[in-house]
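The topics follow below the structure.

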Amino acid sequence: MKASVIANKDYTIAKIDDRVYGAFLEHLGRAVYEGIYEPDHPSADTNGMRGDVIDLVKKLNVPVVRYPGGNFVSAYNWEDGIGPREERPVRLDLAWHTSESNAVGVHEFADWCASVGTEMMLAVNLGSRGVDDARNFLEYVNHPGGSYWSDLRIKNGRKEPWNVKMWCLGNEMDGPWQVGHKDADEYGKLAANTARAMRMFDQSLELIVCGSSNSDMPSYPDWERIVLEHTYDHVDHISLHMYFANRDDNTPNYLGLAEKLDTYIETVAATIKQVKAKKKSKKDVYISFDEWNVWYHSNKKDREILDGNGGWPHAPGLLEDIYNFEDVLMVGLILNTFIRRSDVVKIACIAQLVNVIAPIMTEKGGPAWAQTIYYPYYFASAFGRGTALQLVANSPGYETPHGKNTAFVDVSGVHNEDDGTLSFFLVNRHTSESIETKVSLQGFAEASIIDHQVMTHPDLKAVNTAGNQEEVAPKKGTGAKVNGDRLSVVLPPYSYQMVRVKI
Ligand code: AHR
């Protein structure tokens with residue numbers, strides 16, 4: 001089987017916003033406690049943060065981390081997490097039916113972000129709270145001093161304001177599972193008022209309003225239209241979420257779900273344009289895809305606690321999906337979609353970062369390691385920076401419930417003008433056939449291969465564990481060649497590859 005791709009220097013989509021390689025960290029399960037924070041761990045720094053996790057996160061070069069939720073934020077009092085630790089209250093977290101010690105709050109999170117070299121993206125509680133809470137939190141975080149909340153921050157040990165630019169106006173407010181769930185009109189009005197108040201403090205904030213929790217929600221896509229009609233002039237991004245699952249153990253259909261993601265983005269981009277036209281607005285609103293990942297492996301195991309039958313444990317092992325090789329392909333497809341939609345998707349966050357549906361796993365007192373999906377995320381974040389190319393790809397395809405002709409070969413291409421490289425990220429969705437793929441490089445000077453990484457595995461269900469951390473890991477590829485202006489590479493069945501050339 002053969003596929004062909006044209007990569008022309010002048011056919012571009014957009015400059016990729018680095019923030020599409022962001023991540024999400026929620027007070028949920030062992031994400032914070034035993035994930036990033038474990039004061040008794042042998043690798044812990046003076047703040048009690050795990051050094052082995054910091055190293056794994058640093059390697060990913062994560063540009064932004066969204067915090068503190070998620071469903072958690074909709075009943076969270078941020079003031080519970082400030083001041084002397086021993087005076088912080090233990091609260092019941094209704095979202096995940098657990099107890100929250102508040103040992104980690106905004107100060108500890110901010111210090112951790114500085115350690116890993118990432119920017120904070122904070123969410124305000126528009127579930128159980130509203131405008132007042134949002135303005136106070138903003139003043140605490142961003143005002144230099146001389147006011148009640150900023151002086152309290154200084155008293156609590158942080159002199160300089162953090163100057164957080166990105167703020168989420170609540171989380172998944174369309175979901176009936178959310179504390180303080182609202183209909184689109186109610187939420188749209190509250191979000192607009194909150195945004196207005198926050199902008200009175202600082203015009204330059206980047207505000208993110210909630211879109212749908214996923215494209216199967218009964219209120220989708222009217223939700224986006226109604227919410228934007230209320231908020232268009234006051235916000236910069238609309239947030240979308242989507243999780244992927246192979247519930248029927250049908251790999252071709254599972255990998256076809258990337259089409260559903262693409263349609264979701266396309267539809268919301270059209271809604272944004274519709275509202276823009278209706279408002280006769282000159283400004284643009286973009287998509288912040290601030291929760292995405294594979295999530296289903298742990299569903300059954302979590303039921304007892306989520307149904308409220310497990311009491312109120314502190315930091316139980318919730319949502320601990322153990323990812324397999326097949327999930328590498330799905331994550332590669334999702335990232336390719338974001339690169340191809342870089343004209344409208346400006347922020348995206350893998351959900352989540354540590355232990356909870358995450359690329360990084362930890363054992364209490366033990367090791368931290370990379371799950372299978374760590375690698376496609378790493379390759380995209382490390383090498384997918386630059387300008388997304390409008391590739392013309394020609395590949396045989398197959399039919400799934402999500403698309404009539406889903407290409408076996410899925411590809412994205414990124415031109416990094418700063419270091420003079422081209423990076424291609426390729427997934428072969430074919431069950432059994434290798435696909436010989438030729439990429440015609442047009443308008444680029446002479447090219448030579450500088451890196452070729454391949455992920456394949458005879459067992460789609462193979463996983464990495466604490467005891468076998470590299471069962472699924474990339475290997476250096478050998479077969480990619482450049483001949484004149486032609487790059488050729490053979491993609492084995494069910495494989496992920498990254499090919500980089502110097503131009
Ligand atoms: O990431 C897990 C949960 O998924 C988040 O808390 C919520 O926003 C979404 O439903």
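A residue counts as buried when its relative accessible area is under 20%, as exposed when that area is over 50%, and as partly exposed in between. E326, with a relative accessible area of 0%, is therefore buried. The model is predicted. A search of the whole structure finds 33 salt bridges and zero disulfides.

**Salt bridges**

- E326 meets K461 in a salt bridge between side chains, at 3.1 Å from N to O. K461 lies in the loop between strand 22 (448-455) and strand 23 (475-476), while E326 belongs to helix 10, so the bridge ties together parts that are 135 residues apart in sequence.
- Another salt bridge joins the side chains of R341 and E266, with an N to O distance of 3.4 Å. R341 sits in the loop between helix 10 and strand 12 (345-351) and E266 in helix 8, so this pair ties together parts that are 75 residues apart in sequence. E266 has a relative accessible area of 45% and is partly exposed.
- K278 and E229 also form a salt bridge, their closest N and O atoms being 3.0 Å apart. This pair links distant parts of the chain, since K278 is in helix 8 and E229 in helix 6 (residues 222-231), 49 residues apart.
- K278 counts as exposed at 55% relative accessibility, and E229 as partly exposed at 23%.

**Largest pocket**

- The largest pocket has a volume of about 750 Å³.
- Its lining consists of 29 residues, and W177, N214, Y243, R247 and W295 are the ones that lie nearest the centre.
- Strand 10 (237-244) and helix 9 (299-306) are the elements that give two or more residues to this lining. Helix 9 gives the most, with four residues.
- By residue class, the lining of the largest pocket divides into 14 nonpolar, seven polar and eight charged residues.

**Second largest pocket**

- The second largest pocket holds about 470 Å³ of space.
- There are 20 residues in its lining, of which R340, A393, A407, D410 and V411 lie nearest the centre.
- At least two lining residues come from each of helix 8 (258-278), helix 10 (325-340), strand 16 (392-394) and strand 19 (409-416). Strand 19 has the largest share, four residues.
- Which domains supply at least three residues each to the lining of the second largest pocket? They are domain 1 (2-9 + 389-502) and domain 2 (17-383).
- The lining of the second largest pocket is made up of eight nonpolar, five polar and seven charged residues.

**Cysteines**

- The search of the whole structure for disulfides finds zero. C113 is in no disulfide, and its nearest cysteine sulfur, that of C349, is 11 Å away.
- C168 is likewise in no disulfide; the nearest cysteine sulfur is that of C349, 7.4 Å away.
- Are these cysteines buried or exposed? C113 is buried, with a relative accessible area of 2%, and C168 is buried, with a relative accessible area of 1%.

Note on methods:
Residues are numbered from 1 along each chain as its sequence is written. This is a predicted model: local features need pLDDT of at least 70, side-chain atom pairs count only at pLDDT 80 or more; totals for chains, interfaces and linings use all residues. Side-chain values use heavy atoms; hydrogens and water are left out. A disulfide is a pair of cysteine sulfur atoms within 2.5 Å. Buried means under 20% relative accessible area, exposed over 50%, partly exposed in between (1.4 Å probe, protein chains only). On a 1 Å grid over the protein atoms alone, a cavity is a set of points where a 1.4 Å probe fits but cannot get out, and a pocket is an open set with protein on both sides within 12 Å along at least five of seven lines; lining residues have an atom within 4 Å of a point. Grid points are joined across faces, edges and corners, and a volume is the space filled by probe spheres set on the points. Ala, Val, Leu, Ile, Met, Phe, Trp, Tyr, Cys and Pro count as nonpolar, Asp, Glu, Lys and Arg as charged, and the others, Gly among them, as polar. Domain bounds come from an automatic or database domain assignment. A salt bridge is a side-chain nitrogen of Lys or Arg within 4 Å of a carboxyl oxygen of Asp or Glu.
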